[in-house]
Amino acid sequence: MALSSFNVYHSYLECLEPLCDAERGRLFTALLEYSISGTTHALRGNERFVFPFMRSQIDRDKAAYEEKCAVLSKNGKKGALAKIKADEIRAVENLMAECVPCLKDIENYCKEMGLHVKPESFFNYYQVANWTDGCGKKVINWKQKLLTWENNGLNKTEEKEKPDEKESGISLSDLEELKRGMKLI
């Protein structure tokens with residue numbers, strides 16, 4: 001974007017003091033034309049001595065403005081790219097979160113991967129939670145959650161050791177029969 005103005009500094013007042021009104025008018029007009037087009041006209045009065053000083057300040061101000069615009073443009077592009085990437089990531093996450101599996105999908109995946117998880121327990125757990133995890137975030141990758149479920153040993157289909165069995169493998173009923181045989185009961 002082109003600079004559509006130029007600054008008139010308070011320090012100019014001291015330089016303008018010796019000029020008459022006509023010279024000030026020609027100087028101001030020449031500065032406006034230079035600021036717009038970069039062209040200079042032949043000045044015939046005392047304003048010709050002040051003009052170069054003010055022209056160089058206009059050039060410095062334009063250069064600083066263009067540098068600032070370049071920096072802002074670069075930073076704006078960085079921010080836009082980051083926002084686009086973040087928006088793309090969110091879109092993918094939302095798409096994946098919308099892909100809630102059915103019980104059959106979970107059963108098939110357990111068979112395919114050889115998992116010992118009860119698919120019904122996993123499905124019911126996340127179905128009740130509206131497919132959100134413990135932190136309240138949408139489940140994006142249910143397969144990963146299922147693998148974690150397996151690794152944590154939750155709801156195994158294999159029967160766990162029954163509470164009436166001891167480390168030796170003798171059940172309570174066997175123990176009672178042994179006691180009867182010894183006539184302790």
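Let me begin with a definition: a helix here is a DSSP run of H or I with at least four residues, a strand is a run of E with at least two, and both are numbered from the N terminus. With that in hand, hello everyone, and thanks for coming.

What you see is a predicted model, where local features need pLDDT of at least 70 and side-chain atom pairs count only at pLDDT 80 or more, while totals for chains, interfaces and linings use all residues. Residues are numbered from 1 along each chain as its sequence is written, and side-chain values use heavy atoms, with hydrogens and water left out.

So, what is in it? The protein has seven helices and zero strands, and the pattern along the sequence reads α-α-α-α-α-α-α.

Next, the surface and the inside. I will call a residue buried under 20% relative accessible area, exposed over 50%, and partly exposed in between, using a 1.4 Å probe and protein chains only. By that rule, 21% of the 185 residues are buried. Accessible areas come from the Shrake-Rupley method with a 1.4 Å probe, and for residues only the protein chains shown count as cover. The protein exposes about 13900 Å², and carbon and sulfur atoms supply 56% of that area.

Among contacts between residues at least 6 apart in sequence, 52% join residues at least 24 apart. Phe 53, in helix 3, gives us an example to look at. Leaving aside residues up to four places away in sequence, Phe 53 touches Tyr 12 and Cys 15. Phe 53 and Tyr 12 are 41 residues apart in sequence, yet their C-alpha atoms are 9.5 Å apart in space. Phe 53 itself is partly exposed, at 39% relative accessibility.

Now please find helix 6, residues 142-151. Which residues are buried there? They are Trp 142, Leu 146, Trp 149 and Glu 150. These four cover an arc of only 100° around the axis, so they sit on the same side of helix 6. The arc is that of the directions from the helix axis to the C-beta atoms. And what do the buried residues of helix 6 pack against? Their partners are helix 4 (103-113) and helix 5 (119-128).

On to charges. A salt bridge, for us, is a side-chain nitrogen of Lys or Arg within 4 Å of a carboxyl oxygen of Asp or Glu.

Start in helix 2, residues 21-37. Arg 24 bridges to Asp 21, with the closest N and O atoms 4.0 Å apart. Both residues lie in helix 2, three residues apart, which is about one turn of the helix. Arg 24 is partly exposed at 32% relative accessibility, whereas Asp 21 is exposed at 65%.

The other two are in helix 3, residues 47-98. Lys 83 and Asp 87 meet in a salt bridge, 3.1 Å from N to O, and they are four residues apart, about one turn of the helix. Arg 90 also forms a salt bridge with Asp 87, the closest N and O atoms being 2.6 Å apart. Because Arg 90 and Asp 87 are three residues apart in helix 3, about one helical turn separates them. As for accessibility, Lys 83 is exposed at 51%, while Asp 87 is partly exposed at 30% and Arg 90 is partly exposed at 45%.

Two last items. A nonpolar surface patch of about 260 Å² is made by Val 8, Phe 28 and Leu 32. Patches are made of residues with over 30% relative accessible area and no salt bridge; like charges are joined within 9 Å, and nonpolar side chains (Val, Leu, Ile, Met, Phe, Trp, Tyr) within 5 Å. Phe 28, which belongs to helix 2, is partly exposed at 43% relative accessibility.

Finally, how many disulfides are there? A disulfide is a pair of cysteine sulfur atoms within 2.5 Å, and a search of the whole structure finds zero. Cys 20 is partly exposed, with a relative accessible area of 38%, and Cys 69 is partly exposed too, at 26%.

Terms used
Contact = heavy atoms within 4.5 Å.
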